[in-house]
Amino acid sequence: MSNRAGKAQEPPSQLLSQIEQLKRELREMREELEDTTRGTLALYNEIENKNAELKQQQLQLEEKNTELQKALENLRTSEEARLRAARTAAIGNIVVTYNHEINNPLAIITASLDLLKLTPDLPDEERRKQFAKIERAADRVKDVITKIKQYENLLPKSYINWDMLDLESAKVHYKK
Amino acid sequence: MLGARKPIVLIAEDEPDLLDLYRQGLEMLGAVVLKAEDGDSAWSLFQQNGDTIDLVISDIFMPGINGVQLMNRIKEKNPGLPVFLVTGYAHLRTLVEESAYEPDAYLEKPFNLRDLFRRVKQALPPEFDLPEY
């Protein structure tokens, strides 16, 4: 600033004071901005860390999920195998029972009929004895079949190196 | 002279009717039959008459010692004596696979008497001159 005589004038102290005030405000704003930037950066880092943690947790959950699916599959497979084994054992029991309980009376029937055929001159008394044997054996076969039909009442018993159905202890409910 | 004497057959079978039928059938062949209704009785009969017995026919599944155990005891004493094992079910043959001796024949129930006669004739010396049926 200059007056009419061209001599420079000092700025008014009020103006200087305003400038100083503005400078302070500007400094404070810069410091505030720097604080905000630091806070934002810290927040950003925190979010990044949380994000990484979440990703890790997601991976762990996916692994757990895979393990559970495998365990479920194994359970299904072992359950199927158990059911298959139980079915096979049940069928085996029936087959052994049929073979053991029916083959003996069947052998009696076969041998008696052979004897009757091979000895046509067998005395009447002896013929009657053979027919009685055949009848007893046929009744046994009938009884075995009736008992096996009531399968749910039958328990297995040991038969040398196998299991067969215990027909002796069977509680058979004959249909009327 | 074998033709002068009858073959002696020891039979072990726990079904009385079947045991009696085997006896009748083998007597038709001219054999003398020693009957046992369980494995222990069969072993006792063998111990008493072992030197004269020509053939042993045994069921596998019997009270007392089973047929395979009986066969092993008999073969231990007299390996050349023919022993037939009778079974109602093929799986019992697995017992024999684990045993020290093998039977000379298996008979699977039910079998007809002609099959039995044929096996008996094959097992016994021809000098016995058994009849044909």
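This is a predicted model: local features need pLDDT of at least 70, side-chain atom pairs count only at pLDDT 80 or more; totals for chains, interfaces and linings use all residues.
Student: How many helices and strands does chain A have, and in what order?

Tutor: Chain A has 2 helices and 2 strands. From the N terminus they run α-α-β-β.

Student: What makes the span of helix 1 of chain A close to the expected one?

Tutor: Helix 1 of chain A has 106 residues.

Student: Where does helix 1 of chain A bend?

Tutor: At Asn103(A), by about 35°. The angle is taken between axes fitted to the seven residues ending there and the seven starting there. A proline, Pro105(A), follows within four residues.

Student: How do you know which residues Ile57(B) touches?

Tutor: Contact requires C-beta atoms within 7 Å. Val9(B), Ile11(B), Tyr22(B), Phe84(B) and Val86(B) meet that cut-off, so Ile57(B) touches them. Residues up to four places away in sequence are not counted.

Student: Which residues have the most contacts inside the largest nonpolar core?

Tutor: They are Val9(B), Leu10(B), Ile11(B) and Ile57(B), in a core of 39 residues.

Student: What makes up the contact of chain A with chain B?

Tutor: Each chain gives 21 residues. On the side of chain A, helix 1 and helix 2 each supply at least two. Helix 1 of chain A gives the largest share, 14 residues. By class, that side has 10 nonpolar, 8 polar and 3 charged residues.

Technical notes. Residues are numbered from 1 along each chain as its sequence is written. Chains are lettered from A and ligands numbered from 1 in the order in which they are written. A nonpolar core is a set of buried Ala, Val, Leu, Ile, Met, Phe, Trp, Tyr and Cys residues joined through C-beta atoms within 7 Å. A residue is buried if 20 or more other C-beta atoms lie within 10 Å of its own, exposed if 12 or fewer, and partly exposed in between; C-beta atoms are placed from the backbone. Two residues are in contact if their C-beta atoms, placed from the backbone, lie within 7 Å. Ala, Val, Leu, Ile, Met, Phe, Trp, Tyr, Cys and Pro count as nonpolar, Asp, Glu, Lys and Arg as charged, and the others, Gly among them, as polar. The expected span of a helix is 1.5 Å times one less than its number of residues.
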